[in-house]
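User: Hi! Could you walk me through some backbone and strand details of this model?

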Number of protein chains: 2
Amino acid sequence: MKTGIIGLGLIGGSMAIDLKRRGFADEVYGVEAEPVNAAAAEKIGLVDKVLSFEDCVDQSDLIVLAVPVGAAVKLLPKVLDRFALTEAAGKVVIDVCSTKEHLSRCVKYHPCRKMYVASHPMAGTEYSGPWAAMPGLFDGHACIICDPEESDNRAVRIVEDLYKTLNMRTIYMNSSNHDVHTAYVSHISHVTSFALALTVLDKERDEKHIFDLASGGFSSTVRLAKSSPDMWTPILSQNRDNILHVMDTYIEKMNDFRKAIADCDEEAVRGLIEEANKIRRIIR
Amino acid sequence: MKTGIIGLGLIGGSMAIDLKRRGFADEVYGVEAEPVNAAAAEKIGLVDKVLSFEDCVDQSDLIVLAVPVGAAVKLLPKVLDRFALTEAAGKVVIDVCSTKEHLSRCVKYHPCRKMYVASHPMAGTEYSGPWAAMPGLFDGHACIICDPEESDNRAVRIVEDLYKTLNMRTIYMNSSNHDVHTAYVSHISHVTSFALALTVLDKERDEKHIFDLASGGFSSTVRLAKSSPDMWTPILSQNRDNILHVMDTYIEKMNDFRKAIADCDEEAVRGLIEEANKIRRIIR
């Protein structure tokens with residue numbers, strides 16, 4: 001299957017590697033708006049050819065939109081428009097974005113809606129760009145397919161095959177539930193890491209050597225603060241209502257802790273920690 | 001050197017392993033208040049002998065207080081009292097606690113103060129108990145020695161040797177600076193993880209499957225929420241003022257984020273993320 005990947009960053013680049021190596025794609029075409037990244041992707045050999053947007057859509061059987069969600073809401077209708085214009089039959093386009101409701105609304109009434117499958121492979125690192133792409137990135141993680149009933153059955157089966165090739169287990173849910181869930185298990189973690197980085201960087205202005213002391217615990221908690229603003233600004237914007245709701249709960253919990261510590265109420269502090277420890281039964 | 005370790009958990013147990021293997025200690029004695037842990041430590045072979053508190057202090061040249069800081073403030077004066085009572089010469093006691101000011105105040109005027117060296121090896125995991133002990137836990141991390149001018153020179157040199165054996169690099173500061181620094185690079189990370197766990201566990205009551213989706217990012221951010229209440233309740237209590245100060249800055253940063261998201265101000269969101277990204281130059 002000829003596979004076109006629009007956006008050759010961490011996710012698009014890593015997909016390109018494994019889809020080609022594992023025989024899902026005969027040829028991999030790429031589209032990359034940023035010239036430096038495009039040159040790097042060709043040099044590293046992530047794709048067989050870098051093409052223009054139109055050529056990539058015309059020459060591919062399957063198109064993967066692997067761009068930040070702010071760009072995806074613009075490009076997805078364009079891909080479907082091009083399908084309609086060229087009377088393409090049997091082609092499929094997927095996105096890999098971390099928010100879904102807004103995207104699904106954008107194409108709800110598009111005549112080619114059924115050729116689009118909404119998907120979210122839940123894997124990644126805090127690095128970005130074609131240099132960050134790696135084989136095996138998706139192995140063993142979960143992938144969500146949203147609103148499968150809105151897509152053509154055959155299109156869904158092709159996408160299921162694609163994620164099987166990437167060794168992902170597939171979960172199905174509607175876009176709205178997807179966005180609630182990702183706010184809890186992904187988006188809030190990024191916001192808390194960003195806030196932690198900002199807090200400690202503030203202090204660092206006076207205390208140059210504070211980071212000599214940073215140990216493994218701090219590093220793992222702050223790791224996500226290295227994540228790209230190009231990716232995260234539109235996510236936080238498009239999943240605004242869910243994220244605000246989770247942030248409010250989170251700030252409430254922080255204030256519970258603050259009060260217990262300020263009141264020297266060791267029993268309350270211990271109670272909160274014991275409750276938090278229940279995360280043990282869930283996260284290995 | 002005969003080394004007595006009071007508290008055979010993650011830190012005490014891991015020290016026991018490496019100090020014996022690497023030849024710093026000829027014999028390692030242990031004291032453990034919890035009978036199950038004491039039996040486990042003997043069975044695993046962490047120490048040569050489990051002794052009573054008094055016997056351990058009397059028979060050891062160097063005593064390591066590896067108990068939570070709430071217990072350390074009670075036991076440290078008792079060790080020094082015993083030194084005075086038995087007219088012990090040349091003995092040394094260290095603690096390994098994560099807060100120092102309170103502890104140092106407790107023994108400031110003790111006649112045997114010079115036989116105590118305040119130290120904080122900055123290494124650990126989120127697990128506790130003798131089962132969590134492991135070789136190499138300290139290798140490559142930093143260790144803080146506090147207020148070295150309050151201790152006998154010879155005692156400081158022995159403790160420096162001990163941490164050299166554990167492959168740690170030593171940093172010197174006073175207790176008060178120590179507690180400020182650890183509030184920023186360790187304690188706040190734990191509080192943010194606890195609050196994250198509480199937030200997501202709250203949601204889980206209605207949504208049983210939310211954790212199917214938890215990816216690596218969430219796991220690393222929430223990892224410290226598994227940490228022991230026995231260790232962390234007294235830390236948060238004894239470093240109260242510093243931690244409240246850092247929490248206030250942190251809550252302020254969260255509110256900045258909340259406002260930018262609520263206002264749909266993408267430029268402000270991007271600005272905060274770009275600022276947070278500066279953590280890259282500090283954390284590998």
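Below are a few questions and answers on this predicted model.

User: Is Glu87(A) buried or exposed?

Analyst: Happy to start there. Glu87(A) sits in the loop between α4 (69-85) and β5 (92-95) of chain A. Its relative accessible area is 70%. Exposed means over 50%, so Glu87(A) counts as exposed.

User: What is the phi of Cys264(B) near?

Analyst: Most residues other than glycine have a negative phi. Cys264(B), found in the loop between α10 (240-262) and α11 (266-276) of chain B, has a positive phi although it is not glycine. The value is near 55 degrees.

User: Which residue in β2(A) is the bridge partner of Lys2(A)?

Analyst: Good one to trace on screen. Strand β1 (residues 2-6) of chain A pairs with β2(A) in the parallel sense, over five bridges. Within β2(A), the partner of Lys2(A) is Glu27(A).

User: Which helix does the chain pass through between β1(A) and β2(A)?

Analyst: The path from β1(A) to β2(A) is a β-α-β crossover, and a right-handed one. The helix on that path covers residues 10-21 of chain A, and its name is α1.

User: How many residues of strand β2 of chain A are buried?

Analyst: β2(A) pairs in the parallel sense with strand β3 (residues 49-50) of chain A over two bridges, and Gly30(A) has Val50(A) as its bridge partner in β3(A). Together with helix α2 (residues 35-44), these two strands form a right-handed β-α-β unit. Strand β2, residues 27-31, is mostly covered, and of its five residues the number buried is four.

Methods:
Residues numbered from 1 in each chain as written. Chains lettered and ligands numbered in written order. Predicted model: local features only at pLDDT ≥ 70, side-chain atom pairs only at ≥ 80, totals over all residues. Heavy atoms only, no water. Buried < 20%, exposed > 50% of the residue type's maximum accessible area, 1.4 Å probe, protein only. Pairing = 2+ DSSP bridges. Right-handed = clockwise from strand over helix to strand, strands pointing away.
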